[in-house]
Structure formats: structure tokens, C-alpha cells
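Subject: Structure for your files

Hello,

Here is the structure we spoke about, with my notes below it. Please read them with the coordinates open.

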Amino acid sequence: AQCGPSSLHQGAMNNRNDWPAADQVFIAKDDGQVGMGMASFTIVETGISPTSVLILFKNYSAYQMTGLIGSAIHKVKTDLGCIAPRTIQFVAGFGIIRLTHKGFALYNGVDDKLISIDIGPEIFGTDPLTPTADFIEKLNNSAIHLGWATQTQDPPMYIDALPVEDTSLTRVFIFDLVAKSWTICDFPFGLGCLQTLYLS
């Protein structure tokens, strides 16, 4: 089957070598963007069974797919996509958070908005020629795709490690979803990945 940067292909059940041509769809083919990742989003309404939809992210756009592959795909009204696939996290009760070209964004099933406007310098850096401001080095754009995120449930927080000088994940962004506030940590060593462990 023909694949590409806009192809979404579903394999057959119980056979990893079977990829039926009928189970392939192209998401905004030839728009100059590539698929960056996806996340399952569960919509819950009182008295109605939960509905799961798949949110598909490209560089500067997002799409919502409901039902079987290719049955109903709608473009989300946003100019924000995703630039680091492993930063995509669905946080129950809040929505999907990920890193975009404009900063961190939260999609709640209806609205997609930036949540990192007040920490712009920690993402994009500060002007080293401005004498009144402390210089903050920006993230390494050439390695930003290596970023890695996870979350905590109690309290609900989004945690993302990103590279600054090289490919090491040294700057960690922590967003408290209840207080709507950020904490940023610069580590003297690089992290390999982040993972939430659920202990009972």
C-alpha cells in the first residue's frame, strides 16, 4: 500500500502483516505537513455513554476522527498542531496537551488554546542584547521533537522534558491543571524519558 506523511493505515486484527487497502485514509494529503501523532479523546456527557474519538495532529493543524477509520474526519478549528509527538498527553477531565510551534496548547474537545503565554521566555528564549532582562536560553529547535511528556493524576499535572543546548532533555515544564500555573526546572543532567507509575 502507498504510505506517506499524511497516511493513516489500520492493520487487520490478529495479523500484523495484513494491512488492507480499504483501511487506509489520507489526512489533508499534499498540504505540506506531516503527521506528528495522535491521541484518543473521551467525551463524557451526563446520561450518555462515553464516546471515544481520535485526535490526529500534523505540524500546524489537527483533525478529529469519529468511528471507523476514514468514516468521519473533521478539521479542528485551530492553527495549532504538534511539533513533538511524545509530548501529546490526554489528561482526563481537561483534554489533550502537547507542544506546538507557539508553545503548549490544550484541546478540550471544543476549543484549542495556548496555555503557556506567560512562560514564553523559557520556550523561545530572551534577547541577549536586552540589558534589563536576565538571559534565558531558548529550547533547541533542531532537537525539540525528542521532547517527552507524562502526567500525574493527584494533583493533575502535565510534565514535559525538552532539550536546550543539545539533545539532552534538561528543561522540565510542569503545569498544574487546577491552579493553572507553571513550574520550570533546569537540570544539570539530561533525562532519558518520563513515565508515570500507578501504584495500588
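Asp112 and Arg98 form a salt bridge, with their closest N and O atoms 2.8 Å apart; the term covers a side-chain nitrogen of Lys or Arg within 4 Å of a carboxyl oxygen of Asp or Glu. Asp112 belongs to strand 10 and Arg98 to strand 8, so the pair ties together parts that are 14 residues apart in sequence. Both Asp112 and Arg98 are buried (buried is under 20% relative accessible area, exposed over 50%, partly exposed in between, with a 1.4 Å probe and protein chains only). Strands are DSSP runs of E of at least two residues, helices runs of H or I of at least four, and both are numbered from the N terminus.

Some points on provenance. This is a predicted model, in which local features need pLDDT of at least 70 and side-chain atom pairs count only at pLDDT 80 or more, while totals for chains, interfaces and linings use all residues. Residues are numbered from 1 along each chain as its sequence is written, and side-chain values use heavy atoms, with hydrogens and water left out.

Other salt bridges

The count of salt bridges comes to four. One of them joins Lys102 to Asp79, where the closest N and O atoms are 2.8 Å apart. This pair links distant parts of the chain, 23 residues apart: Lys102 is in the loop between strand 8 and strand 9, and Asp79 in the loop between strand 6 (72-75) and strand 7. Lys102 is partly exposed at 37% relative accessibility, and Asp79 is partly exposed at 43%.

Arg171 and Asp186 also meet through their side chains in a salt bridge, at 2.7 Å from N to O. Here the link runs from Arg171 in strand 13 to Asp186 in strand 14, 15 residues apart. Arg171 is buried, its relative accessible area being 4%.

Strand 7 pairs with strand 8 (residues 95-100) over three bridges, and Val91 has Gly95 as its bridge partner in strand 8.

Another open sheet of four strands runs in the order 11-12-13-14, again with antiparallel pairing. Strand 11 and strand 14 (181-191) are at the edges with a single partner strand each, so one side of each is left without a neighbour in the sheet. In this sheet the twist averages 20 degrees from one strand to the next. Strand 11 (residues 148-153) and strand 12 (residues 156-163) share six bridges, and a hairpin joins them through two residues. Ala149 stands opposite Asp160, and Gln151 opposite Tyr158.

The largest nonpolar core has 20 residues, and Phe104 and Phe173 have the most contacts inside it. Such a core is a set of buried Ala, Val, Leu, Ile, Met, Phe, Trp, Tyr and Cys residues joined through side-chain atoms within 4.5 Å. Strand 8, strand 9 (103-107), strand 12 and strand 13 each give two or more residues to this core.

Thr170 lies in strand 13 (residues 169-176) and is buried, at 16% relative accessible area. Beyond residues up to four places away in sequence, Thr170 touches residues including Leu162, Cys185 and Asp186 (contact means heavy atoms within 4.5 Å).

Regards

Note on methods. Two strands pair if DSSP finds at least two bridges between them. Axes are lines fitted to C-alpha atoms, for helices over the stretch in contact, and angles run from 0 to 180 degrees between N-to-C directions.
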